[in-house]
Amino acid sequence: MTSSAMSGDSHRSLSRRELFAFMAAGGAAFALGSSGCSRKPRADAGKVELVWGDRGNRPGHLQKPRGAVVDSEDRIYISDQTDRIQVFSTKGEFLTHWRLPAFDVDGPTGLNMDSDGNLMVADTHFYRILFYTPEGELVRKIETTQGTELGQFGYVRDVVQSADGYYYTCEYGAHDRVQVIAPDGEFIREWGSQGYEPGQFYRPEGVAFDRQGRLFVADSANHRIQIFTTTGELLGIWGEEGDSLDQLRYPHDLGFDSGGNLYVCEWGNCRVQKFSSQGKSLGAWGGRGGRPGKLSFPWALAIDERDRIHVADSGNHRFQTIVL
């Protein structure tokens, strides 16, 4: 987490009045309350294939991993709290790493691949998107200043590219929103604002396109997924706060498998939940804990070509590879 809002790695479930005051004030650190990770038994709809990673700052070790994506060559790129990108095989074998241009205490979050096979990094606290080759060469930046105008960034959390080459970002801060950037880097459109109503956001954390070209946004502190057209028309809302199936608590990341099913990484429920393309829950996996099969405040997931889910088990400083 960043130092601006919901600082550190702790959430608790706030009332709307509390959350509004908290976000408007810029946020101070607070401790995890009783409605953090669910301790209730959950439906276990998956199996663990692999647990990998060791805590540390050395190459090949992990320190609260925050972002993940798998490329077409079955390489998994991971960002963590040390402002670096590390590359592993999907078997957990360390391949290479590089540092980002500047250091921040929390590190970048959202990672995705662009149409040229480059890694896109939402460099949250430096108001930019970085583009790297798989070998770690920085080839492009979309960089701006902090602000609420079109063409400025708040704390940019994720970026995804549409089929026609446009970039879609989500950000939080004084103006929680989605911005659309043309292939040449021009900011062309935005929608959303800070709030609870349909089409508004509180701390949007992740974005992803489905096969129909609909944009899904993990509206984290509103405990829901919102679905839009590429012009910002609201198509639907999935989820409400809770720990039952079909409910969500602080969804942080999302992705689609080859069948069009949606997987949601829930920070607050310490689980991954699977939804059909119509929004019906197909089961969940995880629950709070440190043993294999349990998670501690997971931040991200990445889905490979075999539909295996690689989960950033952030509080345990490791990854788990599952089939759900």
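**Before selecting anything**

This is a predicted model, in which local features need pLDDT of at least 70 and side-chain atom pairs count only at pLDDT 80 or more, while totals for chains, interfaces and linings use all residues. Residues are numbered from 1 along each chain as its sequence is written, and side-chain values use heavy atoms, with hydrogens and water left out.

**Stop 1: colour by confidence**

Colour the model by pLDDT, the predictor's confidence in each residue, from 0 to 100. The average for the protein is 88, and 86% of the residues score at least 70. Now select residues 1-35, where the pLDDT is below 50. In the model this stretch has 86 contacts beyond near neighbours in sequence, a contact being heavy atoms within 4.5 Å. Where pLDDT is low, the predicted coordinates should not be read in detail.

**Stop 2: the sheet β18 to β21**

Helices (H or I, at least four residues) and strands (E, at least two) are DSSP runs, numbered from the N terminus. Two strands pair if DSSP finds at least two bridges between them. Select β18, β19, β20 and β21: these four strands form an open sheet in that order, with antiparallel pairing. Which strands stand at the edges? They are β18 and β21 (281-286), each with a single partner strand, so one side of each has no neighbour in the sheet. From one strand to the next, the twist averages 20°; axes for such angles are lines fitted to C-alpha atoms, for helices over the stretch in contact, and angles run from 0 to 180 degrees between N-to-C directions.

**Stop 3**

Select residues 262-266, which make up β19. Is this strand mostly covered or uncovered? Mostly covered: five of its five residues are buried, where buried means under 20% relative accessible area, exposed over 50% and partly exposed in between (1.4 Å probe, protein chains only). Leu262, Val264 and Glu266 lie on one side, Tyr263 and Cys265 on the other.

Asp253 has Cys265 as its bridge partner, and Pro251 has Glu266. Five residues separate the two strands of this hairpin, and Gly260 in the turn has a positive phi of about 85°.

On the other pairing, five bridges join β19 to β20 (residues 271-275), with Gln273 as the bridge partner of Val264. The hairpin of β19 and β20 has four residues between the strands, and Cys270 takes a positive phi near 50° there.

**Stop 4**

Tyr250 lies in the loop between β17 (234-238) and β18. Its phi is near 50°, a positive value in a residue other than glycine, and Tyr250 is buried at 2% relative accessibility.

His223, in the loop between β15 (215-219) and β16 (224-228), also has a positive phi, of about 55°. His223 is buried at 6%.

Finally, select His61, in the loop between β1 (47-52) and β2 (67-70). His61 is buried at 17%, and touches residues including Asp54, Asp80 and Arg84.

**Stop 5: the cysteines**

A disulfide is counted when a pair of cysteine sulfur atoms lies within 2.5 Å. How many disulfides does this rule give? The count comes to zero. Show the sulfur of Cys265: the closest cysteine sulfur, in Cys270, is 9.2 Å away, too far for a bond. Cys265 is buried at 0% relative accessible area, and Cys170 also counts as buried, at 0%.

Conventions. Lists of a residue's contacts leave out its neighbours within four places in sequence.
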